[in-house]
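Biologist: Could we go through this one together, starting with the overall picture and then moving to the details?

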Amino acid sequence: MTARRTGGAAGPALAAAPVLLAASLALLAAAGWSAPAAAAPERPGPVRTASPRGTEPAAESDPRTETRHVVRAGETLGGIANRAEVPRILIIEANALPPPYAVREGQVLVIPRRRSHRVKEGETGFAIAMDYGVPWSAIAVANGIDPKGRVRAGQALVIPTLTRAAPLPAASPSPAADRDDDDDEARPPARPAAPATGTTTGTAAATSATSGLRFTWPAPGKVRRGFVARARGASSSEARSRRGAPASPHDGIDIAGAKGDPVRAAAPGLVWYAGKEPNLYGNVVIIDHGRGWFSAYAKLSKVTVKKGELVRGGERVGLIGNTGSTSTTELHFEIRRNTVPRDPEALLPKR
């Protein structure tokens, strides 16, 4: 039997292939066909690996939940507000937009998201504002109600989230001279005092371990009633409803004093509120110290600063009185961090 040869016939065919290919290209060229230009060698790109399941690029953000919005061509502020379901005025305030409130393509807008609150029995607009750390005027605007009106139990309120930080004076606490008691005219904001260079003694300010803020005593009298923490999550009205029971909550301290004695800012900051709260606190001053810290001075016989004014540590903000829900002449003083009441005596210097 003759053994079958493999590949013997293929050898001549393969050898002839270049000749046949050249002849074919010559015929095509004669017919007017030209070969395409050789493609440039592809550059190696980055190695791509399959994304794990669930990590694909996110789709376009939902306008009803986004907190930042990039303005697209043709969009208006009103349209953005409608789609975001946020009042136009709050977007204007959060972004400090000047009239006529036009937006431009590519502009990044902060969208202030809102919370909701259902008014409880005995709550006031002022107390709600204190609990959320949002001015009552802003809450009133967000809900389309009169800032001077009263809230009612069961009423649903939208609580706006304000995103712009208030400017604060870069000042060290230092006593300021008393102002004339009868000077009620508008005046320019107080300039921050120069940082102290000497060593403080006696009334040296206590430093908060978390913020670096230095608080001083707002009045020299004895503490008549101390701080008692409220139950976790309790609102101001719920804390007040438990008063009278043993160790009932008390959001601040009551400092004894004579009517007309000066009350001084415990630290530098911006006057967040200055006026009357008719139901509980009487005449009140609230100072924003930045980083979520606030101090409040209540039951004043007179307020000597104005909302929006910068004050120095130790500067007089009011006079001790007996306005509010009790007739005792004293200063009710509070310190809050991110709206949560803190024990003032733990943040003030020992004396």
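Biologist: What percentage of the residues of the protein chain count as buried?

Modeller: Keep in mind that this is a predicted model. The protein chain has seven helices and 16 strands, and it exposes about 20,700 Å², with carbon and sulfur atoms supplying 55% of that area. Of its 351 residues, the share that counts as buried is 39%.

Biologist: How many residues of strand β12 are buried?

Modeller: β12 covers residues 293–303 and is mostly covered. F294, which lies in β12, is buried. Out of the 11 residues in the strand, the buried count is eight.

Biologist: Which strands does β12 pair with, and in which sense?

Modeller: Six bridges join β12 to β11 (residues 282–290), and N283 stands opposite L300 there. Another six link β12 with β15 (residues 330–337), where S295 has I335 as its bridge partner. Three bridges go to β14 (residues 316–320), with V303 opposite G318.

Biologist: How are the rings of W272 and F294 arranged, stacked or edge-to-face?

Modeller: A search of the whole structure finds five aromatic pairs. For W272 and F294, the ring centres are 5.5 Å apart and the planes stand at 75 degrees; angles over 60 count as edge-to-face, so this pair is edge-to-face.

Biologist: How many residues apart in sequence are the parts that this pair of W272 and F294 ties together?

Modeller: Both W272 and F294 are buried. W272 lies in strand β10 (residues 269–277) and F294 in β12, so the pair ties together parts whose separation in sequence is 22 residues.

Biologist: Which residues do ring pairs link into a cluster, and which ring does the charged end of R351 sit over?

Modeller: The cluster linked by ring pairs is F126, Y273 and Y281. As for R351, its charged end is 3.6 Å from the centre of a ring, and that ring belongs to W217.

Biologist: Is Y101 buried, partly exposed or exposed?

Modeller: Y101 is in the loop between α3 and β2, and its phi is positive, near 65 degrees. P100 is found in that loop too, and a cis peptide bond with omega of about 5 degrees joins P99 and P100. Because its relative accessibility is 28%, Y101 counts as partly exposed.

Biologist: Where is N338, given its positive phi of about 50 degrees?

Modeller: N338 has that positive phi although it is not a glycine. Its place is in the loop between β15 and β16 (340–342).

Note on methods: Residues are numbered from 1 along each chain as its sequence is written. This is a predicted model: local features need pLDDT of at least 70, side-chain atom pairs count only at pLDDT 80 or more; totals for chains, interfaces and linings use all residues. Side-chain values use heavy atoms; hydrogens and water are left out. Helices (H or I, at least four residues) and strands (E, at least two) are DSSP runs, numbered from the N terminus. Buried means under 20% relative accessible area, exposed over 50%, partly exposed in between (1.4 Å probe, protein chains only). Accessible areas come from the Shrake-Rupley method with a 1.4 Å probe; for residues, only the protein chains shown count as cover. Two strands pair if DSSP finds at least two bridges between them. Rings of Phe, Tyr and Trp (its six-membered ring) pair if their centres lie within 6.5 Å; planes under 30 degrees apart count as stacked, over 60 as edge-to-face and the rest as tilted. A charge sits over a ring if NZ of Lys or CZ of Arg is within 6 Å of the ring centre and within 35 degrees of the ring normal.
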